[in-house]
Amino acid sequence: MSAALLFDAHDHLHDARLLPWRGDFITELPALGVRRAVVNGTREADWPEVAALASQTPWVLPSFGLHPWYVKDRTAAWRETLLRFLDAHPGAGIGEIGLDRWIEGHDPAVQAECFRAQLAIAAERNLPATIHCIRAWGALWDIVREEAVPERGFLLHAYGGPAEMVAGFLARGARFSFPPYFLHDRKSAQREIFRALPSDRILVETDAPDLAPPEGQNPHPLAGEDGRVLNHPANLVLGYDALAQIRGVTRDELATLVERNFARLFLGEEDRRPSSISGD
Ligand SMILES: [Zn+2]
């Protein structure tokens, strides 16, 4: 087993679906090399869970945000509550935020309003913002192009957008995190994008308990209480191995890059080298 330190740029370890195993994860993941994990809240109701997990687990980096699936559940005081969580957790990120036109019954105007409001907080405080986007890439680009973004950059998690849009997002400071979910055959275009991304903009994620890898390639199969497949957070190792293979580097070489990229985005540890646009 490699001694490389691993960083999960995006997951939901606080999610109730993972509760039966949460205690196991908290001991198992560091033993696998997991050094930090960004745990993303998605709505006011789960922010206290994220905060509690982070206070009990030093390697959990909390992130608080209103996910586009849950904007309809927000209270009138959601923004003030968000600011209170951010004030109480210095170093926390903003996420998971974004746009989604795939989910049934979505309201694009309300999603955009909540996304803009949260991106503005991230930009003003220079906090790492984690962005979700499904079937709304044009609308997302319009906002990311027009609005202030955090100086330290932002994360497009599990980037499923077109290759043609990558250069624009890079120019605005985007980082891109690779989930083992992209090992599905139908995700070859996404694997190709990650092969070509500049090495200072790549991260690895699980999105656990969501985005499980294909059945035949899943070393940690996990079935939820309803029988549905859950993504085990230990699949981070699979994500590193897969992305290393895609990029033609060793896992240790990839881990060295990702550690630096993670620190720059999420820990604010500035690397003064200019950002590359076209790779090494
Ligand atoms: Zn997520």
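I started with the core of this predicted model. The largest nonpolar core has 88 residues, and L140, Y159, F169 and F176 touch the most other members. I picked F176 and listed its contacts, leaving out residues up to four places away in sequence: L155, L156, Y159, V166, F169, L170, F194, L197, R201, I202 and L203.

Next up was α3, residues 78-88, where I found W78, T81, L82, L83, F85 and L86 buried. Among the elements covering these buried residues are α2, β3, β4 and α4.

I then checked how α3 sits against α4. Their axes come within 12 Å and cross at roughly 30°. Angles under 35 degrees count as roughly parallel, so I logged α3 and α4 as roughly parallel to each other. The crossing is right-handed. On the α3 side the contact uses W78, R79, L82, L83, L86 and D87, and on the α4 side C114, A117, Q118, I121 and R125. I sorted these contact residues into seven nonpolar, one polar and three charged.

Last, the backbone. Most peptide bonds are trans, and most residues other than glycine have a negative phi, so I went after exceptions. G95 to E96 is cis, omega near 20°, and E96 is in strand β4. A208 and P209 are also joined by a cis bond, with omega about 10°; P209 is in the loop between β8 and β9.

L211 is in the loop between β8 and β9 too, with a positive phi near 55°. I have L211 down as partly exposed, at 23% relative accessibility. A158 has a positive phi of about 45° and lies in the loop between β6 and α6. Its relative accessible area is 15%, so A158 goes down as buried.

Conventions. Residues are numbered from 1 along each chain as its sequence is written. This is a predicted model: local features need pLDDT of at least 70, side-chain atom pairs count only at pLDDT 80 or more; totals for chains, interfaces and linings use all residues. Side-chain values use heavy atoms; hydrogens and water are left out. Buried means under 20% relative accessible area, exposed over 50%, partly exposed in between (1.4 Å probe, protein chains only). Helices (H or I, at least four residues) and strands (E, at least two) are DSSP runs, numbered from the N terminus. Contact means heavy atoms within 4.5 Å. Axes are lines fitted to C-alpha atoms, for helices over the stretch in contact, and angles run from 0 to 180 degrees between N-to-C directions. Angles under 35 degrees count as roughly parallel, over 145 as roughly antiparallel, 65 to 115 as roughly perpendicular and the rest as oblique. A crossing is left-handed if the near helix is turned anticlockwise from the far one by less than a right angle, and right-handed if clockwise. Ala, Val, Leu, Ile, Met, Phe, Trp, Tyr, Cys and Pro count as nonpolar, Asp, Glu, Lys and Arg as charged, and the others, Gly among them, as polar. A nonpolar core is a set of buried Ala, Val, Leu, Ile, Met, Phe, Trp, Tyr and Cys residues joined through side-chain atoms within 4.5 Å.
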